[in-house]
Amino acid sequence: MNFYLFGIIIISLSFVIQVKTEQELQDIDPNGYIIFCLCMGRFGNQAEHFLGGLAFAKLINRTLIVPPWRTFKNIPYSEWFQIESLRSYHRVIDAQDFMENLASQIWPPESRIGFCWLPVDRPKSECQMKEGNPFESFWNELNVSFVDTITYQLNYDEYSIHQWQQLFPADHYPVLALKGAPASFPMLAQYRQLQKYMNWSEQIMNEVRQHQKQLFNNKPYIGIHLRNNIDWERSCADVESFKTRSYMASPQCLDLSSSTHTYVTHKICYPSDDEILRLLKNIILRTRIHNIYVATDKRPMIKEIEEHLAAQHVHVKHLDPWLPVIDVAMLTHANYFIGNCVSSFTSFVKRARDVYDLPSAFWGFSN
Ligand SMILES: Nc1nc2c(ncn2[C@@H]2O[C@H](COP(=O)(O)OP(=O)(O)O)[C@@H](O)[C@H]2O)c(=O)[nH]1
Ligand SMILES: *[C@@H]1O[C@H](CO)[C@@H](O)[C@H](O)[C@H]1NC(C)=O
Ligand SMILES: *[C@@H]1O[C@H](CO)[C@@H](O)[C@H](O)[C@H]1NC(C)=O
Ligand SMILES: *[C@@H]1O[C@H](CO)[C@@H](O)[C@H](O)[C@H]1NC(C)=O
Ligand SMILES: [Mg+2]
């Protein structure tokens, strides 16, 4: 009996010691940390900001505290993508993990300062880290409040890194908590390739495989993105009067450095049914793929596609998943993809496909 108890004590002791060692093993980065809210737009916008912010974390050489995605609540990054894959590019720690295991030590509540980019003539009082939606909920769900704020006018490029380090050295400011992402939208072309470090989570991949089996019996399919909700119709209404090549995500298909390319047209931004049926038919004839996966925020055009392409014997499927990111993942894994050049929902899919040289096309182009 005594011997038995002794054993339990030894086991408990070694458990305590092991847990402690694991926490201690979580090295503190002497170069500090950076976190920001993905507080602009929905998934596509957030993903472009995330990749820009990831690039900046590496430039400034601070560990990235990987922010959760922002929907009606914070979604841990790892629910949709693997944290581990990011490590091949840069040092990262999940936000929840950081708050639970490191924050009390290196970022105690009384030291939490928020940083805002503001023009030089604006008062510090305009730097409100938690004012409005989704800022307030983002930080509240991480249990973070700020005791002070600092404003800055620095850029997020490699030429500004020295200034960042001079103004905000890691020993004084171990954590830079920025109000918005240190990145531009649309994202810089040079960072698109960072998409290769965003690998889907096992959870999302399982769901994709399940749908591919159920909808198409694992046969090839063409994925199309129809961005046709009323917000989009309005956004595209006057686009031709802007005479620009850079409207939202459009740099993904219009080369900004070239003068030969067209401006964003209404047809590119909000393609007509005729244009959608025309291009889809061309791709079906060329690829001989007859399964169509429709992702849309509003009108899937199933009847129209089935009728117009009856001779091609198409099978048209539309999931309308509860999580939009399931549509993104299904499009990413299609054998061919046609998307909307102005949409950042499409731009995520396009970048992810480019990693594996999978073919993509855009509405409004004559291919
Ligand atoms: N499920 C689903 N949702 C979509 C689709 N297209 C747009 N949405 C919704 O509309 C949002 C559009 O915002 P965002 O992702 O930033 O892309 P953008 O506005 O097209 O640049 C998405 O995040 C989705 O919530 C789609 O094909 N499928
Ligand atoms: C970046 O930070 C890491 C870890 O803190 C450090 O080992 C490395 O030397 C730093 N690199 C540069 C270029 O300062
Ligand atoms: C992402 O997943 C692919 C396929 O499983 C793998 O080949 C690749 O190495 C992964 N990338 C990273 C950065 O982990
Ligand atoms: C925030 O606090 C709540 C309540 O104490 C806790 O359940 C939750 O895990 C905390 N979240 C984080 C990110 O630390
Ligand atoms: Mg948007």
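Me: What makes E1 and strand E2 (residues 63-66) count as a pair, and in which sense do they run?

Reply: Two strands are said to pair if DSSP finds at least two bridges between them, and E1 and E2 are joined over 2 bridges in the parallel sense. One of the residues concerned is Tyr-33, whose bridge partner in E2 is Thr-63. Before we go on, please keep in mind that this is a predicted model, in which local features need pLDDT of at least 70 and side-chain atom pairs count only at pLDDT 80 or more, while totals for chains, interfaces and linings use all residues. Residues are numbered from 1 along each chain as its sequence is written, chains are lettered from A and ligands numbered from 1 in the order in which they are written, and side-chain values use heavy atoms, with hydrogens and water left out.

Me: How does the chain get from E1 to E2, and what is the hand of this crossover?

Reply: The chain passes from E1 through helix H2 (residues 43-60) to E2, and this β-α-β crossover is right-handed. The word applies if, with the strands pointing away from the viewer, the path from the first strand over the helix to the second runs clockwise. The names themselves come from DSSP runs, numbered from the N terminus, where helices (H or I) have at least four residues and strands (E) at least two.

Me: Which strand pairs with E1 over 4 bridges?

Reply: That strand is E8 (residues 175-178), which pairs with E1 in the parallel sense, and within E8 it is Leu-176 that stands opposite Ile-34.

Me: How do you know that both faces of strand E1 are covered?

Reply: A residue is buried when its relative accessible area is under 20%, exposed when it is over 50%, and partly exposed in between (1.4 Å probe, protein chains only). In E1 (residues 33-36), Tyr-33 and Ile-35 on one side are buried, and so are Ile-34 and Phe-36 on the other.

Me: Why is Tyr-336 called buried?

Reply: Tyr-336 has 9% relative accessibility, and therefore it counts as buried. Tyr-336 lies in strand E12, where Tyr-336 and Ile-338 point one way and Phe-337 and Gly-339 the other, all of them buried. The C-alpha atoms of Tyr-336 and Leu-358 are separated by 7.0 Å, although these residues are 22 residues apart along the chain.

Me: Which strands pair with E12?

Reply: Strand E9 (residues 222-226) runs parallel to E12 and is joined to it by 3 bridges, with Phe-337 as the bridge partner of Gly-223. Strand E13 (residues 360-362) also pairs with E12 in the parallel sense over 3 bridges, and here Phe-337 stands opposite Ser-360. From E12 the chain crosses through helix H16 (residues 344-355) to E13, and this β-α-β crossover is right-handed.

Me: Why is helix H15 described as largely enclosed by the rest of the structure?

Reply: The description holds because 8 of the 9 residues of H15 (residues 324-332) are buried. Among them are Val-325, Ile-326, Met-330 and Leu-331.

Me: Which residues surround ligand 4?

Reply: A residue belongs here if one of its heavy atoms lies within 4 Å of the molecule, and around ligand 4 these residues are Gln-96, Met-99, Glu-141, Leu-142 and Asn-143. The protein covers 46% of the 360 Å² of accessible area that ligand 4 has on its own, with areas computed by the Shrake-Rupley method and a 1.4 Å probe.

Me: Which residues are around ligand 3?

Reply: Ligand 3 has Ser-85, Ser-88, Lys-196, Tyr-197, Asn-199 and Tyr-356 around it. An oxygen atom of ligand 3 is 3.3 Å from an N or O atom in the side chain of Ser-85, and a polar side-chain atom of Asn-199 lies 2.2 Å from an oxygen atom of ligand 3.

Conventions: Polar contact = N/O pair within 3.5 Å; in protein donor to acceptor, adjacent residues only side chain to side chain.
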